Amino acid sequence: MALTRKSGASQATRANRLSRSVADMQPRTMDRRTFLKRSGVTVGAGAAVSAIASQLPFAMMGKAEAADPAAGGKIEVKRTVCTHCSVGCAIDAEVQNGVWIGQEPVFDSPLNLGAHCAKGAAIREHGHGEGRLKYPMKLVNGKYQKISWDVALNEISARMLEMRKTDGPDSVYFIGSSKHSNEQAYLMRKFVSMWGTNNCDHQARICHSTTVAGVANTWGYGAMTNSYNDMQNSKAMLFIGSNAAEAHPVSMLHTLHAKENGAKMIVVDPRFTRTAAKADQYVRIRSGSDIAFLFGVVYHIFKNGWEDKKYINDRVYGMEKVREDIMAKWTPDKVLDVCGVPEAEVLKVAETMAKNKPSTIVWCMGQTQHTIGNAFVRASCILQLTLGNIGVSGGGANIYRGHDNVQGATDIGPNPDSLPGYYGIAAGSWKHWCAVWEADYEWLKKQFVSQAMMEKSGITVSRWIDGVLEKNELIDQDPNLKAVFYWGHAPNSQSRGLEMKRAMDKLDLLVVIDPYPSATAAMAAMPPSDAKDANPNRAVYLLPAATQFETSGSATASNRSIQWREKVIEPLFEARSDHMIMYQLAEKLGFGKELVKNYKMVQGKGGMEPEPESILREVNRGTWTIGYTGQSPERLKLHMQNMHTFDVKSLRAKGGPCDGDYFGLPWPCFGTPEMKHPGTPNLYDTSKHVMEGGGNFRANFGVEKDGVNLLAEDGSHSKGADLTTGYPEFDHVLLKKLGWWDELTDAEKAKAEGKNWKTDLSGGIQRVVMKNHGCHPFGNAKARAVVWNFPDPIPQHREPLYGTRPDLVAKYPTHDDKKAFWRLPTLYKSIQQKNLEDKVAEKFPLILTSGRLVEYEGGGEETRSNPWLAELQQEAFVEINPKAANDRGIRHNDWVWLKTPTGAQLKVRAQVTERVGADTCFMPFHFSGHWQGKDMLAYYPEGAHPVVRGEAVNTATTYGYDAVTMMQETKTTICQVAKA
Amino acid sequence: MARMKFVCDSERCIECNGCVTACKNEHEVPWGVSRRRVVTLNDGVPGERSVSVACMHCTDAPCMAVCPVDCFYQTDEGVVLHDKDLCIGCGYCFYACPFGAPQFPQGGAFGMRGKMDKCTFCAGGPEADNSAEEFKKYGRNRLAEGKLPLCAEMCSTKALLGGDGQVLSDIIRDRVIKRGKGADMVGWGTAYGKEGGKS
């Protein structure tokens, strides 16, 4: 009878708990809903509703009622895309009289074939959501009070302008969102730039930043190389640090299909996940020891001569050095010592991957969220390069992204070190985008404190708290952070919660812009543990944002396919679209005109807003680096209407209006839309012509290094290329040298003169190089097994700052401390050494790691506000092995205190299970709303709180950041658990 | 005439609960009522398998056999339905059902006066097809619209299938032939303290 997930003894108790909680907490919501339905009330009724003007939030109209002529209104079908992960599942929403009344599967979608997980199948609830933030609010005397939009925008902008005068624009921090559409994420970067700072970031920082940096530095682009669909062509699949069955459930459709066709499936994880339950081989490693395992595998590949020698010779730089390093350092005894896996198991993985090619590797947060995450992901790249699996259908590095548009927001959104399209923030990059924006570079420069600050990477979202708390003389910008915008981002997804609370209390201005109040609202309203930490001048505002179902726009799935969402319903309550809010704030801040100069303005609910299509056209005009240029709104919409014409395995349209295109024009889709590039299904694939989606590794690191050639060897090139050897990236000089310049039109020549393939706004260089000569605009080079510009050019294992193996620290020490890293001092060795001296591992002998549950997403406030999902997971818990539990007198379902070295303690249920090893504890990271044993319900705005609340694991996580990207360490820290 | 059945392929079920929330969504099933749920065996250990369970729409349905007021009936397509106006909410069908399908809500549209609620194979009840009355008591009637149960239509891995038993058995037969053999899991032994890497 268990409704919840755990089996065995847990079932009975969980069922009991469920019935209790049904009685306790739910009737208010559910009864009202059913009451309204029964009494036939469909328009605003009841105390709460009357205040909400014209919306129909509680009208859960069934299709039956809708079909009743008395109810009236035609049923319209709107095609949209799920907002809960990066698979990109299409949804047909049935709408009547502006109310979302039904949801049908889209069997035509080549990505999901109609399939949904719990979140996708429950998505319609977001069109009703009673837990939503309904109107702008302000924190007054510890309580949230309703205010008008005008008052909110006036007060917020006045504060900002005041801070601009006293502290400068760098005192404001903008946390953007991977749940924004491409157009909104892009507009956000433009907005922040025009405000005059690089202090902006979003979820990608704490999700796949190490992947993006590590992978781009290895072979060119920081993205999933192939696609979920392409895994149907794989013969072996290695999942390491990915629990796809819970995090990307619909991807398993393709994975299990491949498995049934004979592909071998291997799962490597500290935890026996639901994905592991489907594997042919499961390998348990110690959390944070991925390099030892991966190089253990590569060791056996080299030892047995299973590497692809020709591929390595033609397409990989530095593999010989890597080989020497691995053969010396990762002998089976050392692998066993560090990651705990015996030789036979490692050998079996190596053999499976080498003898069942093409073989692919999949990774997620299990690899990325570490102090050496950048090295983990490169070790995975090296494994695939050794086997010649990159640029091959069925192979590839299938890096599953998290949020529905985290790929898009990474590509063109608010990143502290880059303008849209990975252009960076050097003067030339600013000039390029100023040209696209038709903004005056000199004016923009004056918006910043100085040109130096304009070209200095901002603080990351993982560290904004230190931007507030760190001593002023130690930070690499003039002011400390005084204001923070949480614009579609959860706070409980960042580590070091106790310090975050202190930082929030110290701010002068905190603005939450979100469809839900989010845990930020509750954390901000909760009194500080020490009253003297409270800042009496602090102002906190909550602004209700529309969801992606209440606007239109595009989103980039993990496989780089871009899908267009139609607007399903008008924004509920007083919510406004994010791009409208950006425009309205910009108006008040004095750069509204510049922000929307190139856009068609349209009437939206709450005011004028830029039309998403015209924002996308501007993106198309500027984003040449990664080929976001060919995906015009018209082409994307045509794909959405003709999904049935695309092949599920290859993603290519056979006939029909999109003939030859790959679904969603996966980037790079080079050139102008008129050039009709079909998109790139698998990156770096030399077996195809560049105009058919083929390619090769990118020439981004020069043509030689210390006298060694970095370009591809002769004969290695994309199919049909005029240049049959390696070549550098194209610019006007190279074009002239090759005698191709005159193939440009006069108009193109005028724009392309002095430019390269990335900055030529005419697209002429890309057109001539690709269409006329079959070459890749970014050159043809080797992938780098040695990334000389990273702290460890060859990936090295280093023990975490907080670990349970002090005996390994001397041999595998962490990095030295860094002084000014993304504007902040960052500690490594001093913390690791102190922990060693203090014998912290003795007090906290268990590894603490975290991960996903299928029912929830991210910080979880949105999904925990959806009763259809919340009912399935009602309490935060910690998974603990029976041995560890018995040693501590803990029984299944007991309340326990989980403590970490930060001093934090979490009160959660014990889930006693062999899913984790005896040295490891696991907590899901989606909970919030409990703070060290106390329910925070009173601190949420009245009537706008998630149905289910629980302890956030990140209240207790420890310090630690990746040495390249500032990714937070959340996957390996330590804890102690005791019966409560 | 089709004979409607559900089947859940445990080789494919990943316990994502998509079927559960699809059902909640389609029929607006209140909190506390679970027409469908996913049961996991050997949770967290080798051999873990999940299976999605709801009313199995038995041919010789025990609930029908024991109901004291004879509120159950079977459609031409083999779907077992019941009449909530006749049902007295005694719970005897709960005794009889081998799958725990009958649900007894505390209140709300589906359980007025504590009556029984269960999976309808998305086929509504005795009221006129797709009438407001039918929706209030039983939820949507997808079969009358020419569609199949939404839980199966939305299943993330096509593990849960719902429809004509003949078609379903063809699909399952194809899968079994393709797989050729059962589970081939290596590595459990080491992870769980047994020698030889065999489970």
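1. In strand β30 of chain A, the residue that forms a bridge with Gly851(A) is Pro924(A); here strands (E, at least two residues) and helices (H or I, at least four) are DSSP runs, numbered from the N terminus. The two strands concerned, β26 (residues 846-851) and β30 (residues 920-924) of chain A, run parallel and are joined by five bridges; two strands pair if DSSP finds at least two bridges between them.

2. Before going further, please keep in mind that this is a predicted model, in which local features need pLDDT of at least 70 and side-chain atom pairs count only at pLDDT 80 or more, while totals for chains, interfaces and linings use all residues. Residues are numbered from 1 along each chain as its sequence is written, and chains are lettered from A and ligands numbered from 1 in the order in which they are written.

3. The pair β26 and β30 belongs to a barrel of chain A, which six strands close in the order β26-β30-β27-β29-β28-β34, with mixed pairing. Neighbouring strands of this sheet are turned against each other by 45° on average, direction ignored; axes are lines fitted to C-alpha atoms, for helices over the stretch in contact, and angles run from 0 to 180 degrees between N-to-C directions.

4. Chain A also holds an open sheet of five strands, in the order β10-β9-β8-β12-β13, and its pairing is parallel. Its edge strands are β10 (281-283) and β13 (397-399), each of which pairs on one side only, and neighbouring strands are turned by 20° against each other on average, direction ignored. Within this sheet, β8 (residues 236-240) and β9 (residues 264-268) run parallel and are joined by five bridges, with Met237(A) standing opposite Met265(A) in β9(A). Helix α17 (residues 373-386) of chain A lies across β8, β12 (359-363) and β13, and runs at about 175° to β12(A).

5. Helix α27(A) is mostly covered, since eight of its 11 residues are buried; a residue is buried if 20 or more other C-beta atoms, placed from the backbone, lie within 10 Å of its own, exposed if 12 or fewer do, and partly exposed in between. Among the buried residues of α27(A) are Ile615(A), Leu616(A) and Val619(A). The elements that cover them include α7 (182-195), α18 (406-412), β17 (553-556) and α28 of chain A.

6. In the loop between α27 (612-622) and α28 (633-641) of chain A we find Thr625(A). Why does Thr625(A) count as buried? Thr625(A) counts as buried because it has 24 C-beta neighbours inside 10 Å. Leaving aside neighbours within four places in sequence, Thr625(A) is in contact with Gly421(A), Tyr422(A), Tyr423(A) and Lys758(A), where contact requires that the C-beta atoms, placed from the backbone, lie within 7 Å.

7. Turning to chain B, its secondary structure comes to seven helices and six strands, and 52% of its 199 residues count as buried. Helix α1 (residues 18-27) of chain B contains Asn25(B), which counts as buried because 22 C-beta neighbours lie inside 10 Å. Which residues does Asn25(B) touch, not counting residues up to four places away in sequence? Asn25(B) touches Gln103(A), Ala121(A), Ala122(A), Arg124(A) and Trp868(A). Within chain B, the C-alpha atoms of Asn25(B) and Leu150(B) are separated by 9.3 Å, although the two residues are 125 residues apart along the chain.

Terms used. Two residues are in contact if their C-beta atoms, placed from the backbone, lie within 7 Å.
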